[in-house]
Amino acid sequence: NMERGNKTEFIKNKYIQYGGILLPSECHSAESLEFAQSLSVEDTDVFVVTFPKSGTVY
């Protein structure tokens, strides 16, 4: 059973809170999230989105 203080410290080390959402800190930083939020998207842009390790080559 994890004590409240230890749980809070675990969350601090493993997650980043951005816009009220907890995200894994190993994948995101405040800088990367701010960059993504300010990214300009054009009508002609194409996004390729797949599941991780699905064998997609682009």
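## Surface and burial

The protein's accessible surface is about 5,800 Å², and carbon and sulfur atoms hold 55% of that. Areas come from the Shrake-Rupley method with a 1.4 Å probe; for residues, only the protein chains shown count as cover. Of the 58 residues, 3% count as buried (under 20% relative accessible area, 1.4 Å probe, protein chains only).

## Model basis

This is a predicted model: local features need pLDDT of at least 70, side-chain atom pairs count only at pLDDT 80 or more, and totals for chains, interfaces and linings use all residues. Residues are numbered from 1 along each chain as its sequence is written, and side-chain values use heavy atoms, without hydrogens or water.

## Fold

There are 2 helices and 2 strands. Their order along the sequence is α-β-β-α. Helices (H or I, at least four residues) and strands (E, at least two) are DSSP runs, numbered from the N terminus.

## The hairpin

β1 (residues 15–18) and β2 (residues 21–24) run antiparallel, joined by 4 bridges. Strands pair if DSSP finds at least two bridges between them. The two strands form a hairpin with 2 residues between them. Gly19, in the turn, has a positive phi of about 60 degrees.

Tyr18 faces Ile21 in β2. Ile16 stands opposite Leu23 in β2.

## Nonpolar patch

Phe35, Leu39, Val41, Phe47 and Val49 make up a nonpolar surface patch. Together they have about 580 Å² of accessible area. Val41 sits in the segment after α2 (30–38).

Patch residues have over 30% relative accessible area and no salt bridge; like charges are joined within 9 Å, nonpolar side chains (Val, Leu, Ile, Met, Phe, Trp, Tyr) within 5 Å. A salt bridge puts a side-chain nitrogen of Lys or Arg within 4 Å of a carboxyl oxygen of Asp or Glu.

Definitions and conventions:
Buried < 20%, exposed > 50% of the residue type's maximum accessible area, 1.4 Å probe, protein only.
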